[in-house]
Amino acid sequence: KRPAGAPDKSLARKVTKVGVVGAGLMASQMALLFARRLEVPVVLTDLDQSRLDKGVGYVRDEVGKLLAKGRITADQANRLTSLVTGSLTKDAFADADFVIEAVFEDMAVKKQVFAEVEAVVPATCVLATNTSSLSLTEMGAGLAHPERLVGFHFFNPVAVMPLLEIVRGAATDDATLATAFAVGKSLKKSSVLVKDAPAFVVNRLLTCFMGEVVAAVDEGTPLETAEHALDGLGLPMTPFALLQLVGPAVGLHVAETLHEAFPDRFGVSENMAKLVASGKPGVYRPDFTLDEE
Ligand code: CAA
């Protein structure tokens, strides 16, 4: 059955090579998923060699785990490992037909990335963004071909979470959208088309829930109580474990985007902002102060 709003699949273009901008955790998970499900070469790019090595190393380790669990054969493991490579320059995208970025959530950075990518990719290459909250229309504004930009938003952990939010910007054309849905299907994800609205749909709902948990703690509810108050709902993780998985900086960014769009409905925790500004890793703590250093 065709997902609501998806164009006719006959419009989809074939994808024979994938580029991933960024070699962080989410980008590396994506690279493995694309290689495994599309069985095409995937090139990861990043600005420095150590990040690149870490990303490619992550893929190699995950392939090792799949092999150890008996999910793939030794031949498949070797093939997967050879399909995912790293490159310090985007020239490696010269023959890619689908490039996705998973860099820092900053509009200027993402625009810069796509300007560089657009300079090297073929005319029909789809440009996809894993942004969790930024406007597609604004991101595409400086592109020569904004019609090929589409939102392709995964959830953490990429290998496990079944949903994919596909976002149509004001200029996104049907061929791009159809290709995005076809790729989503090959990845075995459930794709839904969402409007180009602040934080789309999932993160808007998630931020309501997480924002209230954080606010309860900020207002004096003991961390332990808030941490386990939701156990009765059978969620797979406690709220603060989820915050840690997503990354406090990403969670804060989404909250700020929603606060800007709907100031009467979404707040931003000052404690959370302090924690992220400190650059310290670790879970949210209501007693956190910068003086602790
Ligand atoms: N990469 C690959 N596979 C992973 C993984 C990872 N990082 N983490 C877990 N898995 C796999 C495990 O290998 C295991 O697979 P098998 O059953 O095939 O062996 C399976 O997931 C279950 O893992 P575990 O048994 O270790 O642990 P669990 O049952 O507690 O599941 C979890 C872990 C899947 C993370 C689960 O706790 C969960 O679903 N948590 C909720 C996650 C969630 O809500 N994500 C959305 C975040 S919001 C977001 O991402 C949006 C945004 O833009 C900010």
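Student: What makes the crossing of H1 and H2 right-handed or left-handed?

Tutor: H1 passes H2 in a right-handed crossing: a crossing counts as right-handed if the near helix is turned clockwise from the far one by less than a right angle, and left-handed if anticlockwise. Bear in mind that this is a predicted model, where local features need pLDDT of at least 70 and side-chain atom pairs count only at pLDDT 80 or more, while totals for chains, interfaces and linings use all residues. Residues are numbered from 1 along each chain as its sequence is written.

Student: Why are H1 and H2 called oblique?

Tutor: The axes of H1 (residues 25–38) and H2 (residues 49–68) cross at roughly 50° and come within 9 Å. Under 35 degrees would be roughly parallel, over 145 roughly antiparallel and 65 to 115 roughly perpendicular; the rest is oblique. So H1 and H2 are oblique to each other.

Student: How do you know which residues of H1 and H2 meet?

Tutor: Contact requires C-beta atoms, placed from the backbone, within 7 Å. On the H1 side, that gives Ala27, Ser28, Ala31 and Leu32, facing Gly55, Tyr58, Val59 and Glu62 of H2. The contact divides into five nonpolar, two polar and one charged.

Student: What makes the peptide bond between Asn156 and Pro157 stand out?

Tutor: Most peptide bonds are trans. The one joining Asn156 and Pro157 is cis, with omega about -15°. Pro157 sits in the loop between strands E6 (149–153) and E7 (163–168).

Key. Axes are lines fitted to C-alpha atoms, for helices over the stretch in contact, and angles run from 0 to 180 degrees between N-to-C directions. Helices (H or I, at least four residues) and strands (E, at least two) are DSSP runs, numbered from the N terminus. Two residues are in contact if their C-beta atoms, placed from the backbone, lie within 7 Å. Ala, Val, Leu, Ile, Met, Phe, Trp, Tyr, Cys and Pro count as nonpolar, Asp, Glu, Lys and Arg as charged, and the others, Gly among them, as polar.
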